[in-house]
Amino acid sequence: MTSATQDIIEVKNLVSHYGERQILKNVDFSVKKGEIRVIMGGSGSGKSTLLNHMLALLKPTSGSIKIDQLNILKANRKDLTKLRQKMGVAFQGGALFSSMTVGENIKLPLKHHTELDDNTIDIMTRLKLELMNLAGFENLMPSELSGGMLKRAGLARAVIMDPKLLFFDEPSAGLDPVTAVELDELILKLRDAMNMTIVVVTHELESAFKIADKITVLFDGEVVMTGTVDEIKQSSDERIQNLINRRPRNDVVDAELYIQRLTTGQN
Amino acid sequence: MSYSQTTHLHYELLVLTGEVDLHNSPQVRKQLLAILKKGCSVLVDFSELSYIDSSGIATLVEAFNYAKNNQLTLTIIAAAGAPLQVIELTNLNKVFPMVNSLDDIRE
């Protein structure tokens, strides 16, 4: 039985490298069903890497990842495909196929994975376009859309199958303030009406504080803190306060290591 | 999901129970269109429905449009909770006739 408080995502001791460079250091990360979790952190903090691991797009050095009770590092292809049908992903730039119209892109998962009648598929596609304020853009090509429209079209495709779990990479980046606020509202509505669990990767503070049930802050590949919006705001951790107050990092310069990096390229 | 079909006044009453999703919405579609094609107006009872996904909503849109084009009606009864939220999310509460209970239905 799946209970309302069960973890739908369980990441334990995740260690990840790109070549020799360690990106994630023993990351523990769990999300409850129906929760909106925001992963926050500066550029290079490991947010997108963590996201890519949860999508099984990268193989970690060590650790375990369970999504909806499936150990995705040990799962076979069939189980992974089944899991992916319950997951939606909206990538930063929309990631639409440039040779298909917006409508064809959005209905692609339904054509591929369901036996639904074409009338049903067409109406579902238009319902999602309406939801994203893209009514009437069905027959345009992705190259004819603006960045913000592409992002919303990508979100429409991500939710076309009504996923249980939605991953959203940088929803508000590059959007005008009104569209960004509308998108935040939409994320909240999707959770309430469709009972989705939503994981949002962002560095937009305003958006994070508005939508998050909990925020996980990553810094240099480590989880600094996971807490409610108030807990994060009240945290005494300097790195979190720097992030919240947009203060530049004030790293201590180790002269020896610095000259070594410049002359040999080695850390 | 299961459903039962009875007659109420001059309407066909379809009571949906459980969850309507991608797998069973084609069944609901078939049933709704069959009723409408017989020339009957339909009442869709949501009181036992715990969840409806977008394929279920799309099915209702298609059936509602068919009814409208054939001088018939499709009315939703007792939508509440998550199914009501899905209808509101897509603004279809401004399109579908919706009533609170069967008692509100007159000849």
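This is a predicted model: local features need pLDDT of at least 70, side-chain atom pairs count only at pLDDT 80 or more; totals for chains, interfaces and linings use all residues.
Strands β9(A) and β10(A), the latter covering residues 222-227 of chain A, run antiparallel and are joined by 5 bridges.

In general, strands of a sheet pair through backbone hydrogen bonds, either parallel or antiparallel.

**The sheet of chain B**

Chain B contains an open sheet of 5 strands in the order β1-β2-β3-β4-β5, with mixed pairing. Its edge strands are β1 (2-8) and β5 (98-99) of chain B, each of which pairs on one side only. Strand β1(B) is joined by 7 bridges to β2(B), residues 11-20, and the two run antiparallel. Across this pair, Thr7(B) stands opposite Glu12(B) in β2(B).

**Domains of chain A**

The domain assignment divides chain A into domain 1 (7-86 + 164-264) and domain 2 (97-162). Domain 1 is therefore written as two segments, with domain 2 falling between them in the numbering. Taken over C-alpha atoms, the centres of the two domains of chain A are separated by 26 Å. Their contact takes 15 residues from domain 1 of chain A and 12 residues from domain 2 of chain A.

Between these domains of chain A about 1100 Å² is buried, with carbon and sulfur atoms giving 73% of that area. Gln85(A), Leu166(A) and Leu186(A) supply 35% of the area that domain 1 of chain A buries against domain 2 of chain A, more than any other three residues. On the domain 1 side, β7 (165-169) and α6 (177-194) of chain A are the elements that give two or more residues. Helix α6(A) provides the largest share of that side, 6 residues. By class, the domain 1 side has 10 nonpolar, 2 polar and 3 charged residues.

**The interface of chain B and chain A**

Between the chains, 19 residues of chain B are in contact with 18 residues of chain A. Together the chains bury about 1500 Å², 70% of it on carbon and sulfur atoms. On the chain B side, Leu22(B), Ser54(B) and Leu89(B) lose the most area to chain A, together 39% of what that side buries.

The rule finds 4 residue pairs in polar contact across the chain interface, with both residues at pLDDT 80 or more. Three helices of chain B, α1 (25-37), α2 (54-69) and α3 (81-89), each supply at least two residues of the side that touches chain A. Helix α2(B) gives the largest share of that side, 7 residues. The residues of chain B that touch chain A comprise 10 nonpolar, 6 polar and 3 charged ones.

**Salt bridges**

The structure holds 15 salt bridges over all chains, and the rule finds 1 across the interface of chain B and chain A. Two of the salt bridges are listed here.

| Salt bridge | Closest N and O atoms |
|---|---|
| Arg29(B) with Asp117(A) | 3.1 Å |
| Asp68(A) with Lys86(A) | 3.0 Å |

What does the pair Asp68(A) and Lys86(A) tie together? Asp68(A) lies in the loop between β4 (62-67) and β5 (70-71) of chain A, and Lys86(A) lies in the loop between α2 (77-84) and β6 (87-90) of chain A, so the pair ties together parts that are 18 residues apart in sequence. The other listed pair, Arg29(B) with Asp117(A), joins chain B to chain A.

Key:
Residues are numbered from 1 along each chain as its sequence is written. Chains are lettered from A and ligands numbered from 1 in the order in which they are written. Side-chain values use heavy atoms; hydrogens and water are left out. Contact means heavy atoms within 4.5 Å. Buried area is the accessible area (1.4 Å probe) that two parts lose on being put together, summed over both. A salt bridge is a side-chain nitrogen of Lys or Arg within 4 Å of a carboxyl oxygen of Asp or Glu. A polar contact is a pair of N or O atoms within 3.5 Å; within protein, one must be able to donate a hydrogen and the other to accept it, and residues adjacent in sequence count only if both atoms are side-chain atoms. Helices (H or I, at least four residues) and strands (E, at least two) are DSSP runs, numbered from the N terminus. Ala, Val, Leu, Ile, Met, Phe, Trp, Tyr, Cys and Pro count as nonpolar, Asp, Glu, Lys and Arg as charged, and the others, Gly among them, as polar. Two strands pair if DSSP finds at least two bridges between them.
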